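The following note concerns the packing of helices in the model shown below. Please read the numbered points with the structure at hand.

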Amino acid sequence: MSLTSASLSNIVLTQFRYKMKAYIGVFLALILVQVLGIFLATLGTSFGSISNNLYSIYFEGYSSSAVIILTFIWAFMNAILITTKAYREDDFTFVSTRISYNLANMLFLITISGIGAITALLSNGIIRLFVYFTADVDVFLVLNSEVGISYYGVGLISTFLYVLLFAIAGYVIGMMIQISRLFLLLIPAIFITFTYLERLEMIVGFYFLEQSFLVFVVKVITTILIGSAFILVLSNRLEVRR
């Protein structure tokens with residue numbers, strides 16, 4: 001019997017620190033994805049014109065929506081990636097249980113979701129600078145406005161929760177695929193069916209069209225907790241399958 005025993009928290013933190021160092025490709029992918037998003041955003045996201053007998057005004061709208069959407073996809077894909085066999089076997093170098101394995105992965109997903117959300121919102125400043133130096137200054141000044149700090153706080157929390165929601169969804173799907181390759185066919189079939197029955201639009205509206213910020217937070221956090229519980233159930237199934 002060993003005279004020293006590692007606590008669950010120490011095991012989880014050890015695995016988490018390892019993942020932050022070893023999975024550097026996740027952050028390189030984030031940089032590439034957000035650079036692509038910034039490039040797409042600088043092309044303009046909305047266009048319009050106003051004219052009368054005296055003058056004509058043409059305007060373009062710019063936002064970081066493309067960066068944020070690509071960050072969602074990045075979180076989703078990387079969450080699937082860390083459930084693959086190659087990544088799971090990395091944890092065999094540590095004293096590990098399925099609980100510590102999943103908790104470390106969850107902590108990792110929370111961290112990269114926070115980083116992704118912050119950098120996605122900061123990209124808005126880069127887009128504004130690009131527009132400032134490449135477009136008419138007067139047009140840029142018209143778009144500029146004073147916004148309270150609370151607006152940015154709400155935006156950061158909302159973006160973080162959305163990114164984490166996509167990460168959890170990717171993790172659940174990745175675990176399902178690891179249990180059975182049949183899910184590779186079943187999941188797209190469900191997606192197509194939901195789209196055909198207009199259920200997908202209802203689901204999107206449930207999360208993205210909520211007017212109350214507090215209700216939105218409750219919805220997303222509840223979904224994340226349910227997804228986390230489901231992950232533990234799937235992990236038990238995967239453990240038996242091994």
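1. Axes are lines fitted to C-alpha atoms, for helices over the stretch in contact, and angles run from 0 to 180 degrees between N-to-C directions. Helices (H or I, at least four residues) and strands (E, at least two) are DSSP runs, numbered from the N terminus. On this basis H5 and H7 pack at about 140°, their axes lying 8 Å apart. H5 is therefore oblique to H7; angles under 35 degrees count as roughly parallel, over 145 as roughly antiparallel, 65 to 115 as roughly perpendicular and the rest as oblique.

2. The model is predicted: local features need pLDDT of at least 70, side-chain atom pairs count only at pLDDT 80 or more, and totals for chains, interfaces and linings use all residues. Residues are numbered from 1 along each chain as its sequence is written, and side-chain values use heavy atoms, with hydrogens and water left out.

3. Overall, the chain contains 10 helices and 2 strands, in the order α-α-β-β-α-α-α-α-α-α-α-α along the sequence. Of its 242 residues, 34% are buried, where buried means under 20% relative accessible area, exposed over 50%, and partly exposed in between (1.4 Å probe, protein chains only). Among contacts (heavy atoms within 4.5 Å) between residues at least 6 apart in sequence, 79% join residues at least 24 apart.

4. The crossing of H5 and H7 is right-handed; a crossing is left-handed if the near helix is turned anticlockwise from the far one by less than a right angle, and right-handed if clockwise. The H5 side of the contact includes Tyr 101, Asn 105, Leu 109, Ser 113 and Ala 117, and the H7 side includes Leu 156, Phe 160, Val 163, Leu 164 and Ala 167. By class, the residues of this contact divide into 15 nonpolar, 6 polar and no charged. Here Ala, Val, Leu, Ile, Met, Phe, Trp, Tyr, Cys and Pro count as nonpolar, Asp, Glu, Lys and Arg as charged, and the others, Gly among them, as polar.

5. Apart from neighbours within four places in sequence, Ser 113 is in contact with Phe 160, Val 163, Leu 164 and Ala 167.

6. Ile 115, also placed in helix H5, is partly exposed, with a relative accessible area of 30%. When residues up to four places away in sequence are not counted, Ile 115 touches Phe 27 and Leu 30. Phe 27 and Ile 115 are 88 residues apart in sequence, with 9.1 Å from C-alpha to C-alpha.

7. Helix H3 (residues 65–81) packs against helix H5 (residues 98–134) at an angle of about 160°, with axes 10 Å apart. The two helices H3 and H5 are therefore roughly antiparallel, and their crossing is right-handed. Among the residues making the contact are Val 67, Ile 68 and Trp 74 of H3 and Leu 109, Ile 112 and Gly 116 of H5. The contact of H3 with H5 has 9 nonpolar, 3 polar and no charged residues.

8. The axes of H3 and helix H7 (residues 149–179) come within 7 Å and cross at roughly 30°. H3 and H7 are therefore roughly parallel, with a right-handed crossing. Contributors to the contact include Phe 72, Ala 75 and Phe 76 of H3, and Tyr 162, Phe 166 and Gly 170 of H7. The class division for H3 with H7 is 13 nonpolar, 4 polar and no charged.
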